[in-house]
Amino acid sequence: MLFMKKRRFSAALLIILIFLSGLISAGCKLPSTYGTKHGQKNIPPDDPPITTDLNIHFLELGNRYTGDSIYINYGEIDILIDAGSRTSSAAAIKAYIDEHIKDNKLEFVIATHGHQDHIAGFYSVNTYTGIFDSYEIGTIIDFPRTNSTTVTYNNYKTARDIAVASGAVHYTALQCYRNEGDAQRIYDLGDGVQLEILYNYYYENNTGSENDYSVCIRIIKDGNYFLFTGDLEKNGEDRLVDYYAEHHGGLGHAVLYKAGHHGSVTSSNEKLMAAITPEYVVVTACVGTAEYNASPAVVFPSQAFVNRVAPYTDKVYATSFVPDYANNVFTSFNGNITFSVQDDNFKILCSNNNLKLKETQWFINNRVIPNAWKSYLRRK
Ligand SMILES: [Zn+2]
């Protein structure tokens, strides 16, 4: 009797083992920590190091000034979009990049437009060695037009031209879009991952704001779009949507959207949001800063931006925090933000905390929660 029981137990164990091995050989995926459901608590910042193959990093800039610097690494390919916000940003950017870059080469450098908060870290000054002087530079893609005559812009241009004399290649975004000469609209980064330079009406029209001249790009992986529009404002956004609707079947859903112009009232307008239905939004800004405007509704990220993004997603994050601009008080908001892509799974990892904007004390104290985000809360 006892023998029979043992045999039945052994048979059951064998069946379980066969079942488990079948699952493994069939490539069964165990539950992943990737992806967040509405209301799910985010992954803590002390997660293990990222080992996935496409990472998009939104960097803090080492000072109280809002600006952009986005570092993308995919295998051996390293891309830097902008190097704001002041010359001191170069030190902060390099400290971060140097933790990831393997060969000291930036295969692509993209400068979106001629404003200081996007290009100040590219050139060297007495105290700081700029990005162009710190790495081997592959291809530089920048803005075809600018009205800028500032010292900052001229320093950028000089440093860019020296980089070209030292072996870098330089194209404007318009040359890329048109596939002129050796310039390419789409750069294959390997395994089907692409860097695509988008068309912007203001590449060849002088009537926009400086922000509207911004180079627009997207990274494409497995059919997913990650969209970067620099500081493009309403006129530029509307024309971008119209052009892609007319010529390319639409912009398509953006899994990731870098909030245009730091979450300003002038950007992330209804038409663009409806066209791209963003899923994750990262604001490169000093939250609460009075740098440009002290009006409570207008400081980054603006109430208007929040209202326009809210119907599509509540996964909104921001880099830095400047609660007292006048007294030079700055710290991290989410901190350095890494958007990590593994197959079709997406993950946000932040150096300070992984709170969504709506979960932060700053938001609770300074913003009116949109109805769409209230409904997300009810779903918790
Ligand atoms: Zn800017």
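Visitor: Which strands does helix H4 lie across?

Guide: In this predicted model, helix H4 (residues 151-165) lies across strand S4 (105-111), strand S5 (136-142) and S6. The helix runs at about 130° to S5.

Visitor: What is the order of the strands in the open sheet?

Guide: The general idea comes first. Strands of a sheet pair through backbone hydrogen bonds, either parallel or antiparallel. Here eight strands form an open sheet with mixed pairing, in the order S6-S5-S4-S3-S2-S1-S15-S16. Strand S6 (169-172) and S16 are the edge strands, each pairing on one side only. On average, neighbouring strands of this sheet are turned by 15° against each other, direction ignored.

Visitor: Which strands pair with S1, and over how many bridges?

Guide: Strand S15 (residues 337-342) pairs with S1 in the antiparallel sense over five bridges, and five bridges also join S1 to S2, again antiparallel.

Visitor: How many residues of S1 are buried?

Guide: Strand S1 (residues 54-58) is mostly covered, with four of its five residues buried. As a general point, in a regular strand the side chains alternate between the two faces of the sheet.

Visitor: In which sense do S15 and S16 run?

Guide: S15 and S16 run antiparallel and are joined by six bridges. Val 341 stands opposite Phe 346 in S16.

Visitor: Ile 348 is in strand S16. Is Ile 348 buried or exposed?

Guide: The cut-off for a buried residue is 20 or more other C-beta atoms within 10 Å. Ile 348 has 21 C-beta neighbours inside 10 Å, so Ile 348 counts as buried. Its strand, S16, covers residues 345-350. The C-alpha atom of Ile 348 is separated by 9.3 Å from that of Lys 315, 33 residues apart along the chain.

Visitor: Which residues of helix H2 are buried?

Guide: An α-helix has 3.6 residues a turn, so residues three or four places apart point the same way. In helix H2 (residues 89-97), the buried residues are Ser 89, Ala 90, Ala 92, Ile 93 and Ile 97. Seen down the axis of H2, these buried residues fall within an arc of 165°, so they line one face of the helix. Strand S2 (70-74) is included in what covers them.

Visitor: What share of the residues in the protein is buried?

Guide: Of the 380 residues, 46% are buried. The protein has ten helices and 16 strands. Among contacts with a separation of 6 or more, residues 24 or more positions apart account for 69%.

Notes:
Residues are numbered from 1 along each chain as its sequence is written. This is a predicted model: local features need pLDDT of at least 70, side-chain atom pairs count only at pLDDT 80 or more; totals for chains, interfaces and linings use all residues. Helices (H or I, at least four residues) and strands (E, at least two) are DSSP runs, numbered from the N terminus. A residue is buried if 20 or more other C-beta atoms lie within 10 Å of its own, exposed if 12 or fewer, and partly exposed in between; C-beta atoms are placed from the backbone. Two residues are in contact if their C-beta atoms, placed from the backbone, lie within 7 Å. The arc is that of the directions from the helix axis to the C-beta atoms. Two strands pair if DSSP finds at least two bridges between them. Axes are lines fitted to C-alpha atoms, for helices over the stretch in contact, and angles run from 0 to 180 degrees between N-to-C directions.
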